[in-house]
Number of protein chains: 2
Amino acid sequence: MAAVLSFSAADEDYLRELGEYVALPSVSRDADPATMRATAEWISAQMGLLNGRVEQTAGHPVARGEWNEQEGAPTVLVYGHYDVQPTGSLSEWQSPPFELTRDGEVVRGRGVSDDKGPVFMVMKVLQAFITQQGRLPLNVKLLIEGEEEIGSPHLAAYVEEHAAELGADLVISADGAIWRPSEPSISLGSKGLVSLTVEVSGAAMDLHSGRYGGTVANPAGALATILAGLHRPDGTVAVPGFYETIPALSQQRRREIAAVPFDDLEYARQLGLPETYGEVGYSTLERLWERPTLEVNGIEGGGKYTVIPHLARAHISCRLVPGQEPERILDRVTERIMALAQPGVRVRVVPDPGSVPAYTLPADNPGVLAARVALEAVYPEQPVLFAKIGGSVPATALFERVLRRKTLFFSFSTSDENLHAPNEFLRIHRLREGMRAWEVLLLELSSRLGRS
Amino acid sequence: MAAVLSFSAADEDYLRELGEYVALPSVSRDADPATMRATAEWISAQMGLLNGRVEQTAGHPVARGEWNEQEGAPTVLVYGHYDVQPTGSLSEWQSPPFELTRDGEVVRGRGVSDDKGPVFMVMKVLQAFITQQGRLPLNVKLLIEGEEEIGSPHLAAYVEEHAAELGADLVISADGAIWRPSEPSISLGSKGLVSLTVEVSGAAMDLHSGRYGGTVANPAGALATILAGLHRPDGTVAVPGFYETIPALSQQRRREIAAVPFDDLEYARQLGLPETYGEVGYSTLERLWERPTLEVNGIEGGGKYTVIPHLARAHISCRLVPGQEPERILDRVTERIMALAQPGVRVRVVPDPGSVPAYTLPADNPGVLAARVALEAVYPEQPVLFAKIGGSVPATALFERVLRRKTLFFSFSTSDENLHAPNEFLRIHRLREGMRAWEVLLLELSSRLGRS
């Protein structure tokens with residue numbers, strides 16, 4: 001369907017408004033409740049005629065809205081999140097993380113790409129429909145949560161309790177990301193996630209490495225032995241049973257992936273790396289989209305002193321693919337860690353709450369077909385790729401289980417925009433591209449969802 | 001010789017004065033030059049009639065003093081240090097580290113045991129000789145440095161430049177420690193030290209572990225592989241050539257060590273450990289005194305976020321024994337680290353300045369004989385053990401090279417007093433024991449050094 005809206009405000013006006021949103025430091029891991037609520041209030045105020053409001057959960061609140069005035073028309077539930085990742089070391093930021101800062105063709109700030117910018121675009125489209133057309137092309141419900149970056153621990157209870165109000169024909173996630181800046185892509189799935197902390201403890205206190213060296217086990221060394229034992233030299237995960245429930249990658253999927261233009265060396269170069277690396281037997285894209293991973297996210301213990309540290313700690317996460325059951329993988333990884341424990345230290349595994357299974361969306365889902373039309377309308381010269389999200393969006397499994405609906409990822413974040421890292425940014429041109437694409441998507445879905 | 005001095009001040013008076021010294025936060029790694037100078041001034045003021053003064057070096061200054069009024073009498077050079085280790089995490093301290101705090105039979109504070117308390121005792125003995133006898137039993141020179149805890153990087157140049165002024169028949173180090181609280185001991189050597197930092201770097205920034213997982217090497221994982229590869233499962237150091245230049249442990253020394261009362265389980269229990277641990281084929285005491293070690297002192301990288309950290313770092317130190325040449329060991333460890341580097345990351349080794357070779361003092365040195373008499377005078381009921389210091393005292397090799405004199409360790413620190421750790425403490429009874437022992441030591445040396 002042809003686009004109908006005009007987005008007449010200047011970039012500066014959109015960015016000024018988005019800057020207010022980014023200025024709210026809604027770090028779900030650390031922020032005080034008042035800050036989280038203020039951020040939820042800000043985004044709910046953007047919902048305008050959609051009855052925007054903030055509702056309590058057992059954790060950080062959600063922002064809700066809906067417009068149900070087209071009886072008989074299909075309904076979509078738009079999901080996103082207003083919380084953001086911690087900033088990490090401030091010294092690594094080129095500008096203050098909570099001051100949206102324009103730098104050439106991008107704007108920088110924590111959360112601008114994940115997920116404040118992408119949700120903001122949806123709000124602008126809904127506002128334009130209401131202002132310019134007096135109506136939306138279909139019924140729309142909004143659910144913007146505040147705990148995505150900590151694994152959405154309270155979302156399930158909230159959605160279960162409000163399942164009837166949240167019912168829709170399709171969920172559309174404004175979280176997720178375009179895989180590469182140069183090509184539009186639609187995600188046909190996302191990886192699952194489990195994570196845990198390993199703690200290796202030794203003596204009651206740090207010990208002088210000379211006065212005690214040679215007599216006691218070293219927790220930092222024992223932790224290194226555990227971490228090193230979680231992979232084989234060929235890049236495979238050395239956890240018995242880690243891969244065994246995963247269906248073999250089909251020859252058809254391998255061909256599809258091989259057809260995607262991808263240059264390993266250029267990819268590595270852009271990241272500042274000498275080369276790519278990963279599980280033997282799979283291409284880089286196969287590993288990114290179709291294979292599970294185990295990563296050490298952080299290590300700490302002792303310091304630059306001549307001590308034997310009394311405690312060493314690592315944080316580990318696994319990205320899961322279809323066929324892997326999160327709790328089972330957590331058990332297997334824990335067993336392997338305990339099997340690698342050296343004598344002379346104590347090893348403890350503390351799993352994080354909020355594991356997420358992998359998620360898949362069939363290529364013939366009406367949401368995927370509509371998204372393709374929308375992307376082709378905005379990027380007429382570029383082929384639309386079918387990718388997968390290496391990241392994990394916990395809400396998708398929840399919506400499938402409770403609302404019995406699939407989730408379409410439709411976000412105008414791009415995966416190279418330093419999500420979860422210092423100097424997160426958003427490409428400014430995505431603002432208008434995203435708004436136009438959402439407009440076409442909603443128009444397409446108004447007819448396609450009826451037909452499915 | 002019989003003791004002649006009276007130490008009539010109350011414990012409280014000594015502790016009040018020692019408290020002033022501990023209150024000066026002379027952390028050589030971090031402190032500002034004014035704080036370091038103030039600490040040097042404080043201890044030089046204690047030198048009283050020994051012409052106490054502060055002298056500049058290329059780094060933190062030294063406190064110097066001397067009393068040369070007995071022509072023809074032997075001369076000793078007393079060495080110690082006024083700098084202290086960093087505090088580490090303040091939350092682990094039971095009282096502020098720079099407020100000397102009495103807690104039952106001990107006083108707690110950074111540096112009180114290493115090395116402020118032990119140096120303070122020497123000053124009290126010298127003051128008592130001068131006040132009560134009008135003279136010292138032999139000529140005494142004092143050299144209290146401010147960079148021992150960072151490897152004494154500028155001491156060598158200073159001692160070389162002032163070699164003629166510092167000449168003596170014996171050096172006595174007030175740094176070192178009594179090995180166990182229950183038995184007096186004399187150290188017949190100390191281990192050497194080399195240390196380095198390993199940096200493993202990956203991408204230019206932290207990467208989202210989902211959006212990049214499986215495509216790039218993980219610096220924290222790669223670091224763990226390196227660290228794990230530095231030991232074998234049997235506790236030996238897996239660095240080719242690490243042990244090859246070390247003379248075999250003699251049967252006689254093994255018998256001597258086996259005769260020292262030592263209970264592995266009790267030792268482990270006191271440290272809060274399930275068991276002792278170390279190189280296969282040697283007892284715990286053999287490993288502590290006679291065998292080299294490689295320890296991971298600290299690890300850091302990433303955090304509790306779902307990222308692939310862009311950088312992971314470890315600090316490593318080796319304690320060396322006679323036969324090991326520090327620069328050669330550093331080269332061997334570096335070669336091993338580079339051989340363990342995985343593809344896809346960059347590995348860099350940064351050696352710390354100030355390596356120290358191992359040091360040995362023969363059991364028939366007149367200093368050792370005098371120390372034995374002094375300890376037997378103070379602890380008449382307890383046999384004097386011959387131990388070694390697992391720690392490293394860089395100055396000993398320097399004094400041997402430049403002044404051509406051996407160094408006797410004579411310190412009333414005890415090795416369990418949380419040196420280099422939070423809650424460093426000193427046993428209060430050591431104050432009087434140490435002062436009396438130094439008195440007897442100086443009296444003994446006045447005749448024995450003449451005879452040697």
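Helix α1 of chain A covers residues 11-22, and its 12 residues should span 16 Å at 1.5 Å a residue, which agrees with the 16 Å between its end C-alpha atoms. The expected span is 1.5 Å times one less than the number of residues. Helices are DSSP runs of H or I with at least four residues, strands are runs of E with at least two, and both are numbered from the N terminus.

This is a predicted model: local features need pLDDT of at least 70, side-chain atom pairs count only at pLDDT 80 or more, and totals for chains, interfaces and linings use all residues. Residues are numbered from 1 along each chain as its sequence is written, while chains are lettered from A and ligands numbered from 1 in the order in which they are written.

The buried residues of α1(A) are A:Tyr14, A:Leu15, A:Leu18, A:Tyr21 and A:Val22. They cover an arc of only 105 degrees around the axis, so they sit on the same side of α1(A). The arc is taken from the directions from the helix axis to the C-beta atoms. The face turned away carries the exposed residues A:Glu12, A:Asp13, A:Arg16 and A:Glu20. A residue is buried with 20 or more other C-beta atoms within 10 Å of its own, exposed with 12 or fewer, and partly exposed in between; C-beta atoms are placed from the backbone. An α-helix has 3.6 residues a turn, so residues three or four places apart point the same way.

**The sheet.** In chain A, six strands form an open, mixed sheet in the order β1-β2-β6-β3-β7-β17. Strands β1 (53-55) and β17 (407-409) of chain A are at the edges with a single partner each, so one side of each has no neighbour in the sheet. Two strands pair if DSSP finds at least two bridges between them. Three bridges join β1(A) to the antiparallel β2(A), residues 62-67. In β2(A), A:Ala63 is the bridge partner of A:Val54.

Most residues other than glycine have a negative phi, and most peptide bonds are trans. The table shows exceptions.

| Site | Feature | Value |
|---|---|---|
| A:Asp114 to A:Asp115 | cis peptide bond | omega near 15 degrees |
| B:Asp114 to B:Asp115 | cis peptide bond | omega near 15 degrees |
| B:Asn51 | positive phi | near 65 degrees |
| B:His420 | positive phi | near 70 degrees |

B:Asn51 lies in the loop between α2 and β1 of chain B. It has 14 C-beta neighbours inside 10 Å, so B:Asn51 counts as partly exposed. B:His420 lies in the loop between β17 and β18 of chain B. With 26 such neighbours inside 10 Å, B:His420 counts as buried.
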